Structure formats: C-alpha cells, structure tokens
Amino acid sequence: MAAADIPKEKKVIYNFVGSSGLRVSNICLGCMTFGRSVHLGTPTQQNEDSSHQIMDRFVQWGGNFFDTADIYGPHYSEQIVGRWLERRERDNFVVATKCNFPIGVAQNRNSVGLSRRHMTASITGSLQRLHTNYVDIYQTHSWDAGTNIEETLRTFDDLVRAEKVRYVGLCNVNGWQLQKIVDTSQRLGLNPVVSLQQQYSLVCRESELEPFQVCKANGIGVLPWSPLKGGLLTGKVKRGLKPKEGRLAHVAESKWLKGRGGEAFPQWTRFSDKDFDVLETTEEIAKEKGRSVAQVAIRWLLQKDVTTSVIIGATSFAQLNDNMGAANGWSLSQAEMDRLDKVSAVAKFYPYSSINEGNAQRSNPMARDYVVRSKI
Ligand SMILES: NC(=O)c1ccc[n+]([C@@H]2O[C@H](COP(=O)([O-])OP(=O)(O)OC[C@H]3O[C@@H](n4cnc5c(N)ncnc54)[C@H](OP(=O)(O)O)[C@@H]3O)[C@@H](O)[C@H]2O)c1
C-alpha cells in the first residue's frame with residue numbers, strides 16, 4: 001500500500017519526550033509482537049516479513065518511534081527490528097529498548113538486574129542485534145532491588161558519555177522509586193530520566209496517583225504500554241466469555257509471567273466487572289463518533305497531558321491502520337473525556353482520599369510542588 005492513501009492531516013504529530021529535545025511521533029510502534037515469544041507463547045506473534053511490512057506501514061503514517069526489549073523473544077524482536085533498520089536511514093528513527101530481566105543461562109548469576117555488569121553486557125548485545133551504534137532511549141524494564149540506584153544511574157550516565165545511549169528512560173516503577181531516582185540523579189548531576197513507560201489505559205489508571213505526579217513535576221514524558229489492555233479495549237472480548245483467539249486467549253497460561261509481575265500483564269481472567277463497564281462506555285462513544293473502540297481508547301490517552309507517545313501493538317495491517325487512526329485529525333470533546341474519566345476513575349483510598357480536600361484552599365501555582373499537590 002502506498003503512503004498516498006493517508007492524508008497529511010491524519011498522520012502523526014511529533015512531541016518532545018518530556019523536557020528533552022528529542023521528538024517522537026505521538027504513536028510509538030511496540031515491537032513485542034515481532035518474532036516468536038518463548039515467554040508469552042502467543043500464536044499471533046508476527047514473522048519477520050510481516051513485522052517489516054507493519055514497520056514500513058507505520059513509517060507511512062509518519063511514525064518514527066519504535067520500542068523493543070532484549071527480553072522480547074528473547075532477542076527475536078531486536079533482531080527483526082535490527083535487520084529492518086540496517087536497510088534504512090538509521091538517523092530518521094528513534095529506537096528504544098530495555099534491560100533487566102534474566103535471559104540465557106540460569107547459572108550466570110550476573111545475567112539479570114540493573115548492575116553495571118549486566119547493563120553494560122546488555123547494551124552490547126542490544127546494539128549488535130539492532131545493527132546500530134546507539135540506542136535513543138535505553139530503559140530499565142523494572143526496578144532492581146539488588147542494585148543501589150547510584151550504580152544504575154552512573155552506568156546510564158557512562159553509556160551516554162560512551163555514545164551508546166542518547167537518553168535515559170524507565171519502566172514500571174512506583175512513586176517513591178521514581179522520586180528517589182530523580183533526586184539521586186539530580187544530586188549526582190547525571191543525565192536526567194526523560195521518559196517513563198508504564199501500563200496506562202482506561203482500565204489501568206493507578207499510576208496517575210503517584211508516578212505521573214513525579215513525571216509532571218520533573219519533565220518526564222509518559223509512554224503508555226498496553227493501551228488496549230492486550231485487546232480488551234477493542235470490543236473483541238465480551239463480559240463473562242473466554243476469548244477464543246488472539247493473545248488474550250493464551251497469555252493467562254504463560255508460566256514465565258508468574259512471579260515476575262506478570263499478574264499486571266493483561267489477562268482476561270483478571271478483567272473485572274468495572275473493566276467491562278469502562279469498555280461499554282468506550283463502545284458507546286465510539287459508536288456515537290463513528291470511530292473504532294481502539295481509536296477512542298488510544299485517543300483518550302493521547303489527550304492526557306502526561307502522555308508523550310502511546311505504544312501500540314499490532315498483529316496485522318488492519319490493526320495497525322485502525323490504531324494509527326487515533327493519531328490526528330479528530331479529538332474527543334471535553335464532555336466525552338469527562339464521561340470516560342468518570343467511568344474509569346480509580347477508587348481513592350487513604351491517604352489519597354484526604355489529600356485534595358486538605359489542600360483545596362491552598363493552591364499556589366508559584367509553589368514548587370503545586371503540580372503534585374493540586375492534581376492527585
Ligand atoms: N515496559 C513494559 O513492561 C511493557 C510491557 C508490555 C508491553 N510493552 C510495550 O508496549 C507495546 C504495546 O503493548 P501491548 O501489545 O500489550 O498493547 P495493547 O494495545 O494493549 O495490545 C495489543 C494487542 O491487542 C490486539 N490488538 C491491537 N490492536 C487491535 C485492534 N485495532 N483491533 C483488535 N485487536 C487489536 C493484538 O493482539 P491479538 O491480535 O493477539 O489479539 C495486539 O497484539 C509492546 O509492543 C511493547 O513495546 C512494554
């Protein structure tokens with residue numbers, strides 16, 4: 001398909017990543033579905049040819065931003081992206097990858113975590129597989145309780161100085177962890193964190209309470225992952241019915257996810273009645289606007305002020321085109337945003353339930369922590 005069938009006004013727009021000078025398309029192509037997945041074992045993973053076609057089509061939409069990880073496959077996703085990248089103008093694209101999770105021989109006790117040893121070994125492997133000299137955003141895949149944060153941040157800083165990495169990013173942290181990372185980085189005068197990749201969607205909003213407040217106050221751009229909750233927010237999963245096909249029909253059976261924070265990974269067995277209430281409101285709005293459910297769900301994220309770029313996943317051309325249709329040329333009205341915000345609101349518990357009330361009369365835009373205090 002030629003790029004000519006996508007009108008200019010529907011193509012992506014480009015946002016700065018947090019307060020950095022790096023610009024990326026407002027939709028990022030997630031590459032987790034590229035190549036065999038030993039861990040997820042899902043049947044809709046894409047082979048190399050079809051992955052490359054999806055990447056080409058994404059570029060026709062104006063996309064310049066790809067997200068992968070050493071653990072995807074493991075390694076297959078980075079290899080597929082690398083073999084595409086080596087035949088393109090590397091500098092036109094922004095490539096993000098991640099490290100931390102254990103890969104390879106179990107007896108190598110150092111093949112895991114965010115130690116200097118593992119991070120330097122990981123980036124060397126990622127650069128080889130990606131056929132590039134540098135990664136634009138290098139991200140911790142999760143917190144590592146086994147390494148002092150100073151060691152991780154100094155290693156990041158050295159990787160930037162060595163020109164192997166351009167920017168520092170994080171994934172999957174809670175509020176105190178993110179604040180500690182930001183404070184430590186500032187105290188040591190290191191290259192700052194520019195992005196936070198966090199699961200964020202109409203049915204996963206808990207990060208608004210803490211991590212995103214730290215992001216707002218510190219110029220860190222949010223990159224939501226699983227924006228469709230693995231496929232729930234497309235309308236193809238119905239209340240009370242086990243999905244028959246696609247990733248959601250399989251992922252609950254992944255043994256690898258157990259014990260690795262996998263309970264957070266989208267799984268139909270964990271969808272609640274409230275999730276289906278949210279889905280139904282999203283479906284109503286989609287119908288009223290003549291849009292797909294996926295487009296409304298992605299658009300809601302794009303209109304959140306913390307969002308830099310939404311990381312989509314697609315296992316077909318049709319899914320890619322559908323999701324890219326959220327990028328530009330239309331928007332949700334304030335009333336529609338309010339409806340979606342209301343049905344998907346996270347139930348507030350102590351201390352969050354009392355923080356706003358206590359500060360209602362104390363909003364001072366000149367105060368350093370105004371953003372944090374006023375929006376929780
Ligand atoms: N940092 C992290 O810890 C982390 C974790 C997970 C993901 N990520 C990143 O985020 C990216 C996206 O995550 P995700 O794949 O979980 O996103 P998602 O949007 O929640 O789910 C994508 C899946 O939903 C289905 N789908 C997508 N668009 C559809 C459409 N328009 N209509 C119907 N079905 C559709 C496809 O699965 P089926 O065709 O199989 O049904 C697709 O693989 C990943 O590729 C990865 O780069 C990061």
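In the predicted model, strand S3, formed by residues 27-30, is covered on both of its faces. In a regular strand, side chains alternate between the two faces of the sheet. In S3, Ile27 and Leu29 lie on one side, Cys28 and Gly30 lie on the other, and all four residues are buried; each therefore has under 20% relative accessible area.

Strand S3 is paired with two other strands. Three bridges connect S3 with strand S10 (residues 310-312), and the pairing is parallel. Within this pair, cysteine 28 has isoleucine 311 of S10 as its bridge partner. Strand S4, which comprises residues 65-67, also runs parallel to S3 and is joined to S3 by two bridges. Here, the residue of S4 opposite glycine 30 is aspartate 67.

One cavity of 30 Å³ or more was found, and the largest cavity holds about 80 Å³ of space. Its lining consists of 13 residues, of which Leu114, Trp143, Asp144, Ile149 and Ile181 are the closest to the cavity centre. Helix H4, spanning residues 149-161, contributes four residues to the lining of the largest cavity, the most of any contributor. Classified by residue type, this lining contains eight nonpolar residues, four polar residues and one charged residue.

Definitions and conventions
Residues are numbered from 1 along each chain as its sequence is written. This is a predicted model: local features need pLDDT of at least 70, side-chain atom pairs count only at pLDDT 80 or more; totals for chains, interfaces and linings use all residues. Side-chain values use heavy atoms; hydrogens and water are left out. Buried means under 20% relative accessible area, exposed over 50%, partly exposed in between (1.4 Å probe, protein chains only). Two strands pair if DSSP finds at least two bridges between them. On a 1 Å grid over the protein atoms alone, a cavity is a set of points where a 1.4 Å probe fits but cannot get out, and a pocket is an open set with protein on both sides within 12 Å along at least five of seven lines; lining residues have an atom within 4 Å of a point. Grid points are joined across faces, edges and corners, and a volume is the space filled by probe spheres set on the points. Ala, Val, Leu, Ile, Met, Phe, Trp, Tyr, Cys and Pro count as nonpolar, Asp, Glu, Lys and Arg as charged, and the others, Gly among them, as polar.
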